[in-house]
Amino acid sequence: MADNNEYLDELRPIGETTQFIVIKLGDEQYGIDIKYIDNIVRMQHITRVPKVDEYLKGVINLRGEVIPVMSIRIQMGLEPDVETKASRIIILKLEQRGTLGIMVDEVKEVVTLENDRIDKIAYDAKDERASFLCGVGKSDGGLISLLDLNAVVPENL
Amino acid sequence: MDVSQYLEIFLDETNEHLQNLNTQILSLEQDPENNDTINEIFRAAHSLKGMAGTMGYKRMQTLTHDMENVFSEVRNGNIKVTADMIDVLFQCLDALEEYNTNIRESSDEGTNDNGALIKRLNDIMSGGAGAESAPAAAAPAPAAAEEAPAADNGFSGIKLGEAQRSVLGEAIKMGKNVYGLTVKVQESCILKAARAFLVFKAIEETSEIIVSDPSSQDIEDEKFEQHFSLIIVSETELETVLNAARGVSEIEEVTGSALKPEDMKVSEEDSGAAEVQSAPAAQEAPAAQEAPAVQAAPAAPAEPTVQDTPAAAVPAAQKAAAAAPAAKKQTASKPVVNRTVRVDIEKLDTLMNLVSELIIAKNSLVSASAMSGNSSQAVNEQIEYLESVTTSLHESVMKVRMVPIESTVNKFPRMVRDLQKKLGKKMELYMSGEETELDRTVVDQIGDPLMHLLRNSADHGLESAAVRKERGKPEVGSIFLDAYQDGNNVVIEVRDDGNGIDTNAVKNKAIERGVITPEQGEAMSEKEIIDLLFNAGFSTAKVVSDVSGRGVGLDVVKSMIESLSGEVEVKSKLGEGSTWTIRLPLTLAIIQALMVEIGDEKYAIALGSIQTIEDILPSEVKLVQAKEVITLRDQVIPLIRLNEVLEVPSKKGPEDNLVVVVVKKGDKLAGLVVDELIGQLEIVIKSLGKYINKCKIISGATVLGDGEVALILDANTLI
């Protein structure tokens with residue numbers, strides 16, 4: 001893959017730290033590397049686009065720009081999103097794939113993890129959800145599944 | 001001197017000059033005698049040389065210098081334009097182009113001396129030198145003959161009105177010279193008026209024409225035999241003026257002398273007596289014809305007269321410009337001083353973006369004022385004013401970005417000429433509508449697809465001369481490139497009178513390549529088969545040539561045009577030729593749109609594609625082949641229920657009247673059924689990005705006044 005250097009999770013130097021934003025999908029906590037996050041906005045009206053894949057929820061207006069929004073819940077095979085007051089759209093800026101938003105149930109906090117506290121995940125072919133993760137981090141609040149944006153955001157939608 | 005800061009300008013201007021040279025040399029090939037063209041070429045080569053020299057590109061300078069020398073000899077009539085020479089000149093242009101590319105890439109011209117080319121140029125020069133002696137020997141001493149015939153000359157018959165006399169008197173007082181000229185046009189000349197016009201123009205570069213006989217109106221209407229006479233006021237030498245006039249082709253001779261005040265006759269009547277005057281002029285003609293014949297010898301190397309700034313030629317020039325429509329072509333090639341500014345396209349993009357922002361802000365203001373409900377009259381008036389200002393601002397910025405497609409299509413005649421040699425077929429390219437304007441970014445990118453299509457026509461479309469003859473067609477194949485504006489679109493057509501598309505061959509090839517199965521092939525319509533051509537990796541050429549036939553052409557064409565939000569269509573008739581039609585939107589950024597509501601979603605439809613809006617009773621909807629249609633003014637129009645296409649529940653019941661937006665694509669119509677009309681709005685088109693480009697019926701999105709996003713329906717793909 002041409003852009004496999006975009007997510008250098010395996011190459012995080014030992015002894016240094018990485019910051020993650022912790023989000024919730026249902027009861028589970030997920031971490032997204034902070035360097036890919038451009039912005040976090042409140043839930044707003046999403047304009048549906050007809051005839052696209054189900055996980056693409058539509059487009060929103062972000063400061064005059066039209067940005068697509070996708071649902072990671074649907075992408076990961078979870079229950080469809082239910083909008084609450086806590087729902088947020090995280091705007092990601094990915095080098096190769098441009099800007100897009102992902103819907104999450106809640107944004108909890110920012111954690112700083114030492115790189116030696118991030119464990120690689122044992123690949124389990126049966127667990128479909130594991131293919132969207134690139135590791136597990138241990139923090140005071142418990143275990144955080146670290147999202148592999150490479151896998152979550154399809155390259156060619 | 002550090003010249004790097006001028007590099008951009010240098011490259012731009014070099015490109016322009018090269019393009020100009022290409023065009024001019026092509027027209028020189030058609031009309032080797034045209035002095036205007038030769039002068040223009042000389043000037044362009046000269047400027048190129050100067051620029052290259054300033055920038056320190058020695059090799060480029062040497063080559064252009066030698067080219068200039070050749071043109072200079074041609075201009076002086078010492079060597080004739082030959083087919084061989086044209087070939088060499090084109091090679092020179094290619095070499096210059098190469099230098100230019102090198103400079104663009106590395107700001108260095110490269111190390112290719114093009115010695116062979118320079119040698120050939122010099123050969124042409126020395127070949128010309130041999131011929132030079134002939135006219136020189138034939139030239140008798142002209143000096144003495146010059147003044148003698150003055151008395152008998154046609155111009156002395158010109159009668160002057162009071163006003164003209166006073167103008168001339170004034171001129172003499174101011175130390176200017178007054179000359180009388182008689183010009184004789186060759187007997188074989190067909191466009192006498194045009195030649196006369198060129199003489200007028202040449203003279204006006206240094207002088208002011210006071211009066212002519214016959215009148216300029218009569219000259220324009222070709223109401224003269226072979227002669228016409230002029231009285232002019234000039235600051236330059238008589239010889240310079242005479243040479244300028246002699247420089248025009250098909251002019252047999254020009255004679256003249258200085259006039260003194262007492263030479264000027266007063267007309268019995270006033271200046272309106274042109275008809276009477278033409279008679280004496282014609283009678284005197286034979287005399288004038290014989291006496292100064294010796295002067296026909298080639299003039300000494302004429303100085304580029306253009307450089308002498310004309311003092312007061314303007315009013316007369318205007319008159320003359322109106323006088324000879326036949327000479328229009330020649331005038332177009334004369335560079336006029338443009339009052340222009342070169343602007344970086346990026347600055348224009350920024351400006352356009354700001355205008356877009358402004359329009360969004362204006363739309364927000366409109367909806368905010370509507371929301372607040374109790375908006376006063378004054379606020380509304382101001383908003384309306386703002387609206388009209390933003391609209392005209394947008395239009396002006398858009399116009400700034402529009403350039404004629406000329407700059408792109410100009411290189412095609414040359415390309416077709418080269419193809420002709422390479423393919424060994426006879427063909428001619430006819431272009432029209434080069435002045436059609438398009439957004440600069442589109443013009444820049446439309447070149448490659450058009451080139452592909454032209455090559456395709458030349459290579460696959462046109463048959464060889466032998467086959468054409470057999471089929472009773474003219475041996476020379478024709479390729480047409482027509483551009484024109486059609487509503488909010490610009491249409492560019494590439495047409496040839498060649499073989500057309502052999503659908504059977506295409507079908508077999510597709511089956512062979514595994515693009516379709518034989519069963520699919522059976523079921524496909526002709527149009528579907530032709531569309532297969534746009535498939536990647538498809539080429540029916542039996543031999544891969546370096547012109548086309550690698551199968552990378554048409555799919556690239558299609559995707560490039562689609563990336564410009566355009567579309568390409570092909571119509572073909574076997575044995576008669578094919579037409580490729582490219583349809584491009586006039587602007588890419590801001591359009592007028594009709595906002596409609598379907599279910600609880602808002603959509604925009606470009607106003608340019610909308611024909612009418614109709615209110616239709618449910619009973620008027622008929623079924624034809626299980627498809628809903630309506631009949632409007634004797635035309636059957638298929639209905640498209642947008643709520644079904646867009647998968648939204650409609651708010652309307654089956655008993656309600658239908659709101660139908662009739663849209664047009666080319667000559668096809670369709671009725672789009674919507675729930676409600678909201679109104680007209682100026683919208684800024686935003687791309688949906690590559691994540692959502694799968695949805696073909698949506699061509700983009702726009703941000704509405706309330707901050708919501710509405711999608712733009714592409715009527716073209718719905719039809």
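Mentor: A definition to begin with: the expected span of a helix is 1.5 Å times one less than its number of residues. Keep in mind that this is a predicted model.

Trainee: OK. How does helix 17 of chain B compare with its expected span?

Mentor: Helix 17 covers residues 412-423 of chain B, twelve residues in all. From first C-alpha to last it reaches 16 Å, close to the 16 Å expected.

Trainee: Which residues of that helix are buried?

Mentor: In helix 17 of chain B they are F412(B), P413(B), V416(B) and L419(B). Seen down the axis of helix 17 of chain B, the buried residues fall within an arc of 115°, so they line one face of the helix.

Trainee: Why would residues spaced like that point the same way?

Mentor: An α-helix has 3.6 residues a turn, so residues three or four places apart point the same way.

Trainee: And what covers the buried residues of helix 17 of chain B?

Mentor: The cover includes helix 1 (7-30), helix 16 (406-409) and helix 18 (440-461) of chain B, along with strand 8 (427-432) and strand 10 (477-486) of chain B.

Trainee: What comes just after the helix?

Mentor: G424(B), with a positive phi of about 65°.

Trainee: Where else is phi positive, say in a residue that is not a glycine?

Mentor: E647(B) is one of them, with phi about 55°. E647(B) sits in the loop between helix 24 (642-645) and strand 20 (658-665) of chain B.

Trainee: Is E647(B) buried or exposed?

Mentor: Exposed, because E647(B) has 10 other C-beta atoms within 10 Å, and the cut-off for exposed is 12 or fewer.

Trainee: What about K51(A) in chain A?

Mentor: K51(A) also has a positive phi, near 60°. K51(A) belongs to the loop between strand 3 (37-42) and strand 4 (56-62) of chain A. With 13 C-beta neighbours inside 10 Å, K51(A) counts as partly exposed.

Trainee: How do strand 5 and strand 7 of chain A run?

Mentor: Strand 5 (residues 65-71) and strand 7 (residues 98-104) of chain A run parallel, joined by three bridges. One bridge pairs S71(A) with M103(A) in strand 7 of chain A.

Trainee: Back to chain B. How do strand 17 and strand 18 pair?

Mentor: In the antiparallel sense, over three bridges. V624(B) stands opposite K627(B) in strand 18 of chain B. The hairpin has two residues between the strands, and Q625(B) takes a positive phi near 50°.

Trainee: And strand 18 with strand 19 of chain B?

Mentor: Those pair in the antiparallel sense as well, over four bridges. V629(B) has P638(B) in strand 19 of chain B as its bridge partner. Two residues lie between the strands of this hairpin, and R633(B) in the turn has a positive phi of about 45°.

Trainee: Last topic. How many residues of chain B are in contact with chain A?

Mentor: 20 residues of chain B are in contact with 18 residues of chain A. On the chain B side, helix 14 (345-372), strand 23 (698-703) and strand 24 (709-713) each supply at least two residues. By class, that side of chain B has twelve nonpolar, two polar and six charged residues.

Terms used:
Residues numbered from 1 in each chain as written. Chains lettered and ligands numbered in written order. Predicted model: local features only at pLDDT ≥ 70, side-chain atom pairs only at ≥ 80, totals over all residues. Buried ≥ 20, exposed ≤ 12 C-beta atoms within 10 Å, placed from the backbone. Arc of directions from axis to C-beta. Contact = placed C-beta atoms within 7 Å. Nonpolar A, V, L, I, M, F, W, Y, C, P; charged D, E, K, R; others polar. Pairing = 2+ DSSP bridges.
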